[in-house]
Amino acid sequence: MNAFHLTEDQQDCLQELINVAMGQASDQLARYLDTFVYLKVPSIESISTSSLTQTLDDKESAVAIVSQGFFGYEGIRGEALLVYQDEDSGRIADLLGYEPDELSHDEQLIDISSILTTTFLNVFASQIDNQMSYNAPKLLPSAQNSLSEHLQQMTFSWDFALKVNINYQVTDYSFNCNMILLIPETAIMNIKKVIDRILEDF
Amino acid sequence: MSPAVLICDDSNMARKQVLRSLPESWHDNLQTATNGVEALTILRASNIDILFLDLTMPGIDGVGVLQGIQKLNIECSVFVISADIQPEMQSKVLALGAKAFLQKPIKAERLTQELQQHGLL
Amino acid sequence: MSNTNESAPSTTSLPSDVVSSITNQVSDQLNTGVLVVDRDFKVVMWNRFIQVHANKSSEEVVGRLIFDVFPELPQRWFERKLSGVLQLNTPSFSSWEQRHHLFELPHTRPITTDSEFMAQNCTFLPLDVAGEHSYICILIEDVTDVCHYQGQLQKTLKELALISRIDGLTQIFNRRHWQESLEQEYAKARRHNKKLALIMLDLDHFKKLNDNYGHQGGDKALIDVTQIVKSVLRIEDVFGRYGGEEFAIILPETDIQGALDLAQRVCNTVAKTPVLFQEHIIQLSVSIGVSQLSDNDTSYEKLIANADAALYQAKANGRNQVFNALDLSDESLSA
């Protein structure tokens with residue numbers, strides 16, 4: 001237990017904020033993509049960045065990872081990683097409403113990632129009276145170890161992170177992907193402040 | 001005479017949000033459940049008039065509870081309060097006998113309005 | 001929110017016409033293209049950067065469909081992309097790495113790059129006007145430099161990768177890469193139950209050659225013999241310098257008879273092709289050992305060992321000849 005850990009109430013509050021954001025984001029996505037988006041209860045955990053590489057190790061088999069940074073007011077910032085397995089990415093162009101020859105496979109992955117990330121985070125931000133800006137999404141090189149190398153580089157200056165794992169499933173397109181939000185330690189303290197303010201209302 | 005109320009949600013905060021949207025006088029005759037199994041146990045043991053039900057929960061979820069209520073022939077007015085607001089989900093729970101579908105986070109005025117509409121307030 | 005972008009009420013805040021004049025001037029000084037379209041894809045605003053690069057006047061552009069102004073845009077893709085921005089109220093991006101450019105604009109370094117148009121990173125942002133998302137701001141960033149240097153870097157990396165596989169003198173595969181190839185071919189042959197043969201060859205009397213003509217003469221002989229052998233090989237054969245004057249050839253999907261035939265051709269061709277060094281005409285020959293993968297070989301090293309033993313036997317038998325590892329006596333094999 002350290003200063004970066006969330007109390008039970010804080011965890012519960014953040015979980016509920018994320019649930020509501022997921023619900024609204026999924027509704028928007030379902031309308032845009034014209035299909036039902038299945039929601040699972042998201043998981044939130046505080047972890048040390050050294051163990052982060054390990055917990056994400058099973059994702060090494062992922063065929064593609066797209067990363068996108070986000071930042072808002074009150075020092076709330078982090079990075080979203082969208083992790084795809086091989087079988088997930090066959091019909092993304094179709095899902096997005098493009099003809100397959102209109103955009104490359106890489107572009108499809110980047111596009112859907114950006115849509116999932118920004119739709120969710122916009123709704124999340126509005127719930128805490130915030131507003132997000134985003135970096136351009138980037139496809140990580142497909143070489144082996146690219147995830148751990150990327151994580152090492154990214155978590156270079158922090159020891160601790162808040163990890164939120166959200167799973168998206170679009171059954172009609174057998175599409176499935178994991179969104180992992182990583183929030184660095186200074187931003188955790190800022191999020192805790194925001195959560196405490198919300199909890200004070202109860 | 002206030003109705004017997006059950007609030008079922010895995011989030012403590014969400015339960016509190018519902019609680020403070022209800023008339024003060026209802027608080028005495030009110031129980032809470034944090035998952036579908038707990039909710040069904042309470043529903044079978046006591047006569048609940050009104051159930052406020054979340055959908056996305058670990059284990060038996062809200063849809064499971066609605067199916068249980070049908071199967072067990074339990075008489076009670078169910079108001080679904082959920083973050084999952086996709087039209088498919090709304091029509092699904094209404095078909096399973098829910099009185100109304102309310103979007104999270106719940107607003108007191110909206111809940112009051114809905115209860116009045118169903119003659120419960 | 002206390003600390004959001006609402007400006008604090010203060011007597012020093014500027015009148016809105018001054019603010020908009022400043023905003024316009026800043027926008028025109030940006031080294032980024034700014035283009036605003038409405039939900040019908042009509043251009044409503046653009047800044048100096050894009051005006052200058054597109055070399056069009058505002059009269060020709062503002063109020064017109066973006067697809068008429070820039071006919072090079074992929075219209076269907078563009079419309080779907082922008083409709084997402086408006087509907088989801090989220091930004092969208094297009095990177096030069098996936099799409100070199102959207103707008104055909106000239107770039108400012110026409111000499112040092114090979115592409116005709118400016119490489120671009122584009123961002124599409126929903127604009128909130130009176131509570132409605134009805135405009136989209138398109139930011140166009142010139143990343144021609146990044147694109148150029150990335151291209152150079154890729155080229156260099158490719159060259160480096162090649163260098164690490166090639167023997168400096170003979171320009172065929174070095175031992176390390178050749179051995180990796182053998183490992184792969186071995187695995188492939190085992191998996192698909194295919195044949196695999198190996199040739200090891202050694203330049204005869206190499207020491208004498210060096211003594212007579214110096215190391216430069218020896219080097220010339222190695223280079224020329226490589227070329228002679230190469231001329232006989234098939235595309236799928238993997239030819240490498242094993243060390244000193246020893247060479248090795250992997251023959252995928254080849255049985256022992258095919259390998260022996262090829263080895264004999266190599267041997268004959270070298271013997272009848274004299275090599276020129278300064279004023280000297282040098283007659284070369286090679287000794288060759290041939291082996292093939294058998295069911296009880298448990299590693300690719302066994303293939304090398306067998307071919308090597310056969311090569312030794314070819315030398316012992318008087319050089320300039322081929323020896324089949326299958327004809328080795330048991331004791332010479334186990335030696």
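**Confidence and contacts**

Author: In chain A, confidence is lowest in helix 2 (residues 49-55), with a mean pLDDT of 75, and highest in strand 5 (residues 132-134), at 95. pLDDT is the predictor's confidence in each residue, from 0 to 100. Helices (H or I, at least four residues) and strands (E, at least two) are DSSP runs, numbered from the N terminus. This is a predicted model, in which local features need pLDDT of at least 70, side-chain atom pairs count only at 80 or more, and totals for chains, interfaces and linings use all residues. Residues are numbered from 1 along each chain as its sequence is written, while chains are lettered from A and ligands numbered from 1 in the order in which they are written.

Reader: What is the mean pLDDT of chain A?

Author: The mean is 86, and 92% of the residues of chain A reach 70 or more.

Reader: How many residues does the contact take from chain A and from chain C?

Author: Chain A contributes 21 residues and chain C 20, where contact requires C-beta atoms, placed from the backbone, to lie within 7 Å.

Reader: Which helix of chain A gives the most to that side?

Author: Helix 4 of chain A does, with 8 residues.

Reader: And chain B: which helix supplies the largest share of the side of chain A that touches it?

Author: Helix 1 of chain A supplies 12 residues there. That contact takes 17 residues from chain A and 15 from chain B.

Notes
Contact = placed C-beta atoms within 7 Å.
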